[in-house]
Amino acid sequence: CHGSVRICCSPSPNIAMTWKSRMPELTVSLGQRSYPIRIADGLLETAAGLPVTGPCLIVTDDNVGPLYAERLKQAIGRSECPLWQMPAGEPEKNLGRFAELLQAMAAQGMSRNATVLALGGGVIGDLAGFAAACYMRGIAFIQIPTSLLAMVDSSVGGKTGINHPLGKNMVGAFYQPHRVICDLDTLQTLPSRELSAGLAEIIKYGPIADTVFLDWIEANLPDLLARAPKALAHAVRRSCEIKAWVVAQDEREAGLRAILNFGHTFGHAIEAGM
């Protein structure tokens, strides 16, 4: 570790890579709030890691829903699991949509044993996670990210929330998911612009934590841009491993976790000015 901000070049062995059913699994170590991150191809086909026993609600948007919502229902064997679908886009992560989602959850009669399945990118994960945190003072939710950016960043770490007219992500909560399911097959339908956004987030992990990984990214960038499955799998796993280690040390961003915002200050300013 170097300097006043702890930048660690070798993440702690507390975040261990294990293999279960030929599936790499990471653990975000947070005591009773610990949870697995599963990363592999075809997870929506096998339902691996998706134990949903009580009432459930799939939250998605009109880009992702038509592609994967029915597949998710079949995977969990719950055809009666309702679908709540909203328009896609960052502007939709607002108080109005949040209220609509809570209304839908209440209308379904969801109780404390219910589970919210967040199927989509960061907007869906943030909104659905915040609704799960607030509904009946907290119910289970599972992150099922379908964008590269969500897989390597927003789905891990428990930051949930919505935007306010006076600031991005101004209203929210730290609320950890029960698990994160990254089906790498979903990246094949990701628009090129969104793929690039995810790659920018992956690159960030190099200078903040692992220069060897940074060199690997540079050497394998053509494969990543071409969506080569092996390259994407390694990039997602390593990024999640680094983020999980940081979150385990500083869950509520009191110090070290701020390093994960590397580049975000400029990025959010540019986004706000567009």
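Let's start with two helices. The axes of helix α3 (residues 95-107) and helix α4 (residues 122-134) come within 10 Å and cross at roughly 55°. Those axes are lines fitted to C-alpha atoms, for helices over the stretch in contact, with angles running from 0 to 180 degrees between N-to-C directions. Helices here are DSSP runs (H or I, at least four residues), strands are E runs of at least two, and both are numbered from the N terminus.

A word on the source: this is a predicted model, where local features need pLDDT of at least 70, side-chain atom pairs count only at pLDDT 80 or more, and totals for chains, interfaces and linings use all residues. Residues are numbered from 1 along each chain as its sequence is written, and side-chain values use heavy atoms, leaving out hydrogens and water.

Back to the pair. α3 and α4 are oblique to each other; angles under 35 degrees count as roughly parallel, over 145 as roughly antiparallel, 65 to 115 as roughly perpendicular, and the rest as oblique. Their crossing is right-handed: the near helix is turned clockwise from the far one by less than a right angle. On α3, the contact uses Arg-97, Phe-98, Leu-101, Leu-102 and Met-105. On α4, Leu-127, Ala-128, Phe-130, Ala-131 and Cys-134 take part. Contact means heavy atoms within 4.5 Å. By class, that is 9 nonpolar, no polar and 1 charged.

Next pair. Helix α7 (residues 211-225) packs with helix α8 (residues 229-249) at about 145°, axes 10 Å apart. This crossing is left-handed. From α7 come Phe-213, Trp-216, Asp-223 and Leu-224. Their partners in α8 include Ala-231, His-234, Arg-238 and Ile-242. The classes here are 7 nonpolar, 2 polar and 2 charged.

Which residues have the most contacts inside the largest nonpolar core? They are Val-28, Ile-37, Ile-39, Leu-148, Ile-202 and Val-236, in a core of 38 residues. Such a core is a set of buried Ala, Val, Leu, Ile, Met, Phe, Trp, Tyr and Cys residues joined through side-chain atoms within 4.5 Å. Buried means under 20% relative accessible area, with a 1.4 Å probe and protein chains only. Helix α8 gives the largest share, 11 residues. Another core lies apart, with 23 residues, among them Leu-57, Leu-101, Met-110 and Ala-131.

Last stop: Thr-186, in the loop between β10 and α6. Is Thr-186 buried or exposed? Buried, at 2% relative accessible area. Leaving aside residues up to four places away in sequence, Thr-186 touches Leu-44, Tyr-68, Pro-145, Thr-146 and Met-151.

Terms used:
Nonpolar A, V, L, I, M, F, W, Y, C, P; charged D, E, K, R; others polar. Buried < 20%, exposed > 50% of the residue type's maximum accessible area, 1.4 Å probe, protein only.
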